[in-house]
Amino acid sequence: TAENWHGKVRFEQKFSGRAYWFAQALYDRDDFADLEHRITLVGGVGAEILKRGYSTLKAEAGGGVTLEKRFGDDWTNDASAYIGVDYTYDHPSGRKFIADLDYLPNLNDYDLTRTVLLMRFDQPIGDQLSLSLALRLEYVENPPGDVESLDTLLTAGLRLKL
């Protein structure tokens, strides 16, 4: 919606059999939570801890920084840690299910620590195009003002694979 925007850009590079390093940038805008912009930059290491058939389970840890601007306030920046567990079911037909659990403790202001669960299902409708259905739950430890701690977002859209 016009009130909620979420984005993620990610890069991974293997450096041994199952181990890899990663860098990612997350963007959030949530008018209902009085959040004009939040940019979280994190990097770290991860490992495939289970790979069986079409399923993969990964665990990751790292750190970075969160830049945040609330409506009417100046930009703030805080050090962040990152712990993630990611499950992917990737069928050769192109159907895909993803469940990502991310824990992002804010090291300077623990009240803004976030836990995010994203579940997404993609169904191909062409060679490079899929119908994508997703549920995103974000829990903030103690948000400012009278903002709710749990934010729920259900989306339906198209995903283009480049």
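This report describes the fold of one protein chain and then looks at a few of its residues.

## The overall fold

The model is predicted. The protein chain has 9 strands and 0 helices. Read along the sequence, the pattern is β-β-β-β-β-β-β-β-β. The radius of gyration is 17 Å, close to the 15 Å that the globule rule gives for 162 residues, so the chain is as compact as a globular protein of that length.

The C-alpha trace spans about 50 × 35 × 25 Å along its principal axes. Take the contacts between residues at least 6 apart in sequence: 43% of them join residues at least 24 apart.

## Surface and charge

How much of the protein chain is buried? Buried residues make up 33% of the 162 residues. The chain exposes about 9,500 Å². Carbon and sulfur atoms supply 60% of that area.

Charged side chains come in two sets. There are 18 positive and 26 negative side chains. The centres of the two sets lie 12 Å apart.

Glutamate 68 sits in strand 4, which covers residues 55-70. Is glutamate 68 buried or exposed? Its relative accessible area is 8%, and buried means under 20%, so glutamate 68 is buried.

Which side chains make polar contacts with the side chain of glutamate 68? One is the side chain of arginine 38, at 2.9 Å. Another is the side chain of arginine 70, at 3.5 Å. Setting aside residues up to four places away in sequence, glutamate 68 touches Leu35, His37, Arg38, Asp74, Trp75, Thr76 and Leu112.

Glutamate 48 lies in strand 3. Glutamate 48 counts as buried because its relative accessibility is 10%, under the 20% cut-off.

Its neighbours within four places in sequence are left aside here. Glutamate 48 is then in contact with Lys14, Arg18, Tyr20, Thr56, Leu57 and Lys58.

## The loop between strands 3 and 4

Strand 3 covers residues 35-52, and tyrosine 54 lies in the loop between strand 3 and strand 4. Glycine 53 is found in the loop between these two strands as well. Glycine 53 is exposed, at 70% relative accessibility. Tyrosine 54 is partly exposed, at 40%.

Where does tyrosine 54 make contacts? Neighbours within four places aside, tyrosine 54 is in contact with Thr88, Tyr89, Asp90, His91 and Pro92. Histidine 91 is 37 residues from tyrosine 54 in sequence, yet their C-alpha atoms are 5.8 Å apart in space. Now take glycine 53 and threonine 113. They are 60 residues apart along the chain, and their C-alpha atoms are separated by 35 Å.

## Isoleucine 83: on strand 5

Isoleucine 83 is in strand 5, residues 76-90.

Isoleucine 83 touches Glu60, Ala61, Leu101, Asp102 and Tyr103, not counting residues up to four places away in sequence. Aspartate 73 is 10 residues from isoleucine 83 along the chain. The C-alpha atoms of these two residues are separated by 29 Å.

Key: Residues numbered from 1 in each chain as written. Predicted model: local features only at pLDDT ≥ 70, side-chain atom pairs only at ≥ 80, totals over all residues. Heavy atoms only, no water. Helix = DSSP H or I, 4+ residues; strand = E, 2+ residues; numbered from the N terminus. Rg over C-alpha atoms; globule rule 2.2 N^0.38 Å. Buried < 20%, exposed > 50% of the residue type's maximum accessible area, 1.4 Å probe, protein only. Contact = heavy atoms within 4.5 Å. Areas by Shrake-Rupley, 256 points an atom, 1.4 Å probe, with all protein chains shown as cover. Lys, Arg positive; Asp, Glu negative; His and termini not counted. Charge placed at Lys NZ, Arg CZ, Asp CG, Glu CD. Polar contact = N/O pair within 3.5 Å; in protein donor to acceptor, adjacent residues only side chain to side chain.
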